[in-house]
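Hi everyone, thanks for coming. Let me put the sequence and the structure up on the screen, and then we'll walk through it together.

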Amino acid sequence: MKRIPAALLAAIAIASASMAHAASAFPDRPVRIIVGFPPGGGSDGIARILAEHMGRTLKQAVIVENKPGANSTLGAAYVASARPDGYTLLFGAESVLGADKVAYAPTVSYGETSFTPINRIASSFFVLATKKDSELRTFADVAAKARQSTTPMFIASPGGTYPEIVTADLKRLSGLNLDEVLYKGGSPAVMAVLGGDAPLTFMGPGAVLPMAREGKLNAVAITLDHRSQLMPEVPTLAESGVKGFAMSYWYGLMGPKGLPDDVVRTLFNATSQALGDPAVQGRIAELGYETMPMRSPQEFQALALKDGAALRARVEALPVREAAR
């Protein structure tokens, strides 16, 4: 048996030690979290709160980078094609795990297997809202008005997959003659209601709560299957007579496909520490979201695939006009 030269053994030992140090040293440079929306929105705000806390835990800068465009699919595509080393991450919703591929094909190149889910961060829902001085104070009022009218009752929508699903489900489950009218974002949709151009809108609690406090909007019902801590006085649509109605969505931290297990665990631990901080929980609640961390990356990966497939099925069931937008 040939003896291995001492110099070669030393070189192998040094290389092995270097590799072990490299693996344990993650992160050794700044980490980027990509957000597919412009600065200033709810998802951007949560990502920045998360990044600030993670940076302290990881002892590295965690930078939020906005890559808006194409219904947030540009940012997701950017992360899906990134090197799976943990330095480029996505703050995205379950829609990236299959639903985007259906809703925006053929422009979307990624799908349900293109990402490594790390941790669920926060979840939210939609609020059916009317102008404060509207006669439509409850969902019973909305239903009565819609049944009396020979024309559709308009719902001002910011556009996107989730508002389309919410409107389509409400039409289907209530049997009411409703029609989604698209606006270029949440602010124009709210302004349409305030200006009397549309009687209803579906918006997140982060948009509705400040307007309700200012005496401008009235929260009629929420889309969860249970009352929310954020708006405990507001009934659900299911409570209000729309049996079987339930819709919520979550944002999670994900990396490209093939992210190493040790990197996933490091990032999971950092996000868990952030979401366990009462100050972080309070700041995220002010944006209209509830923190929703998982117990392990594996638990989140299983949930992400399940929720991604369920959302994809709901998009596939949308009327052709809506699914094609």
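So, in what order do the six strands of the open sheet come? The order is E2-E1-E3-E10-E4-E11, and the pairing is mixed. Before we go on, this is a predicted model, where local features need pLDDT of at least 70, side-chain atom pairs count only at pLDDT 80 or more, and totals for chains, interfaces and linings use all residues. Residues are numbered from 1 along each chain as its sequence is written, and side-chain values use heavy atoms, with hydrogens and water left out.

A word on the labels: helices (H or I, at least four residues) and strands (E, at least two) are DSSP runs, numbered from the N terminus. Two strands pair if DSSP finds at least two bridges between them.

Inside the order, E3 (residues 88-93) and E10 (residues 248-256) pair in the antiparallel sense over four bridges. If you look for leucine 90, its bridge partner in E10 is methionine 254.

There is also an open sheet of five strands, in the order E7-E6-E8-E5-E9, again with mixed pairing. Here E7 (178-182) and E9 (217-222) stand at the edges, each with a single partner strand, so one side of each is left without a neighbour. E6 (residues 153-157) pairs with E7 in the parallel sense over five bridges, and serine 157 has leucine 182 as its bridge partner in E7.

Now for the helices. How do H2 and H10 run relative to each other? Their axes come within 10 Å and cross at roughly 170°; axes are lines fitted to C-alpha atoms, for helices over the stretch in contact, and angles run from 0 to 180 degrees between N-to-C directions. The two helices are therefore roughly antiparallel. Angles under 35 degrees count as roughly parallel, over 145 as roughly antiparallel, 65 to 115 as roughly perpendicular and the rest as oblique.

Who meets whom? Ile46, Ile49, Glu52 and His53 in H2 meet Val280, Arg283 and Ile284 in H10, where contact means heavy atoms within 4.5 Å.

H2 (residues 42-58) has a contact with H9 (residues 261-275) too, with axes within 9 Å and a crossing of roughly 120°. That makes H2 oblique to H9. The H2 side includes Leu50 and Met54, and the H9 side includes Leu267 and Ala270.

Let's look at the ends of H10 (residues 278-286). Aspartate 277 caps the N-terminal end, with a side-chain oxygen 2.8 Å from the backbone nitrogen of alanine 279. Just after H10, glycine 288 takes a positive phi of about 95°.

Most residues other than glycine have a negative phi, and most peptide bonds are trans. Lysine 59, in the loop between H2 and E2, has a positive phi of about 60° although it is not a glycine. The peptide bond from phenylalanine 26 to proline 27 is cis, with omega near -5°, and proline 27 sits in the loop between H1 (6-24) and E1 (31-35). Another cis peptide bond joins alanine 105 and proline 106, with omega about 5°; proline 106 is in the loop between H4 (99-104) and E4 (115-125).

Definitions and conventions
Polar contact = N/O pair within 3.5 Å; in protein donor to acceptor, adjacent residues only side chain to side chain.
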